Amino acid sequence: MNKTFTVLKDTNMSFKAASQSTSGEVRDGYTEQQQLQYTKYLKQLLNEFQERWCKTSNSTVSYSNLEHIRTLGTGAFGRVILVRHSNSSKYYAMKVLEKERIIKMKQVDHTLYEKRILEAIRFPFTVSMETSFKDNSYIYFVMPFVPGGEMFTHLRKMSKFEEPIAKFYACQVVLALEYLHFCKLVYRDLKPENIMIDKNGYLKITDFGFCKVLQGRTWTLCGTPEYLAPELILSKGYGFSVDWWSFGVLLFEMNAGYPPFYANEPMKTYEKIVAGKYRCPSSFNSDLRDLIRNTLQVDISKRFGVMKNGVMDFKNHRWFRGIEWEAILNCRWSAPYVPKCKHPGDSTNFDNYDDEPLRPGSYCRFESEFLDF
Ligand SMILES: Nc1ncnc2c1ncn2[C@@H]1O[C@H](COP(=O)(O)OP(=O)(O)OP(=O)(O)O)[C@@H](O)[C@H]1O
Ligand SMILES: [Mg+2]
């Protein structure tokens with residue numbers, strides 16, 4: 001059974017909202033009543049998040065039991081390796097970060113946040129952590145392996161997503177951001193490379209390297225140029241609004257096949273973002289245009305997601321008409337696209353990378369900096 005179902009099973013209170021009005025007639029859109037009930041469920045998830053935040057978890061997976069298979073992806077601080085647990089034969093994605101690189105790039109705090117957040121979150125559309133280790137040179141995060149590959153790969157292969165596929169993914173991202181924000185977490189790196197597709201066609205957001213607990217506002221410039229919100233570029237203090245902006249960019253890119261703000265140099269991209277200048281392809285219908293206009297909204301006071309109706313502005317938008325949010329959350333909606341995964345360790349949905357062996361040093365480096373890991 002995959003993680004998605006375990007999450008809901010582990011939770012004492014699974015979500016079941018009334019999908020019908022008292023008179024028995026099916027309502028169009030998502031009602032206040034449904035949202036009220038869903039908020040109770042989110043409060044339960046928040047309690048569980050807070051409990052896990054305060055304690056370290058136990059796992060039977062240890063480093064010596066993991067057989068390295070191949071590299072799945074590389075990034076600024078290390079790589080992600082497909083590994084197999086010799087006792088259970090389960091597959092995991094192990095993110096390996098080099099301590100020295102983390103220090104050089106002043107990312108110790110971000111990495112500590114990444115670890116604690118991965119340990120504490122549990123939601124159907126986010127990855128979570130099985131266990132973590134450190135040795136003389138590296139930090140290791142072990143997560144369940146998501147075999148369908150990155151949304152990025154599928155998007156490039158298909159050129160753009162058919163509307164039902166884009167809508168199916170968009171709903172899950174809305175629910176995932178709603179959950180993270182409810183836990184006071186700002187994600188800050190939404191993009192197709194960080195969204196994985198599970199074997200059942202549902203999403204798992206990965207890479208919590210820039211995610212942090214938000215109290216009030218924050219100022220750090222981080223993320224990916226094409227996905228940065230104007231308030232973040234302008235070094236104004238910012239909050240959860242930056243994730244909804246990135247969601248607008250993702251909506252556009254999934255439906256168009258390319259991002260709304262793009263130039264050869266990041267500075268030029270930033271100019272376009274700050275000016276809020278983009279052009280929708282003629283294939284976008286009026287509902288999609290309206291949704292994107294309200295999400296790629298430079299004026300935060302008018303941006304969907306952070307206005308007084310919060311996430312309801314999305315859940316009730318015309319573009320999402322017909323979506324059963326509860327069915328999506330419980331993975332009961334039939335996925336419009338299911339990637340080919342022949343067996344649990346099938347990694348053919350991932351690009352090929354050079355596999356360099358890990359070489360932990362003979363003495364412990366940066367012990368004090370990584371004491372809390
Ligand atoms: N749980 C997972 N299952 C399968 N593949 C994964 C998983 N987590 C990450 N990956 C793969 O590894 C790639 C890199 O992981 P991630 O985005 O966490 O690191 P990163 O981009 O190096 O981090 P950073 O952006 O902090 O440099 C992902 O884009 C994805 O292809
Ligand atoms: Mg990444």
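A residue counts as near a molecule or strand if its C-beta atom, placed from the backbone, lies within 6 Å of it.

This is a predicted model, where local features need pLDDT of at least 70, side-chain atom pairs count only at pLDDT 80 or more, and totals for chains, interfaces and linings use all residues. Residues are numbered from 1 along each chain as its sequence is written, while chains are lettered from A and ligands numbered from 1 in the order in which they are written.

**View 1. Around ligand 1.** There are 19 residues around ligand 1, and Gly73, Gly75, Ala93, Asp207 and Gly209 come nearest. At least three shell residues come from each of domain 1 (41-147 + 342-372) and domain 2 (150-330), with bounds from an automatic or database domain assignment.

**View 2. The open sheet.** Follow the five strands in the order β1-β2-β3-β5-β4, with antiparallel pairing; two strands pair if DSSP finds at least two bridges between them. At the edges sit β1 (66-74) and β4 (131-134), each pairing on one side only.

**View 3. Where β4 meets β5.** Four bridges join β4 to β5 (residues 138-144), and the two run antiparallel. Look for Thr131, which stands opposite Val142 in β5.

**View 4. A helix on the sheet.** Helix α4 (residues 108-120) packs on the sheet and touches β3 (91-98), β4 and β5; contact means C-beta atoms, placed from the backbone, within 7 Å.

Conventions. Two residues are in contact if their C-beta atoms, placed from the backbone, lie within 7 Å. Axes are lines fitted to C-alpha atoms, for helices over the stretch in contact, and angles run from 0 to 180 degrees between N-to-C directions.
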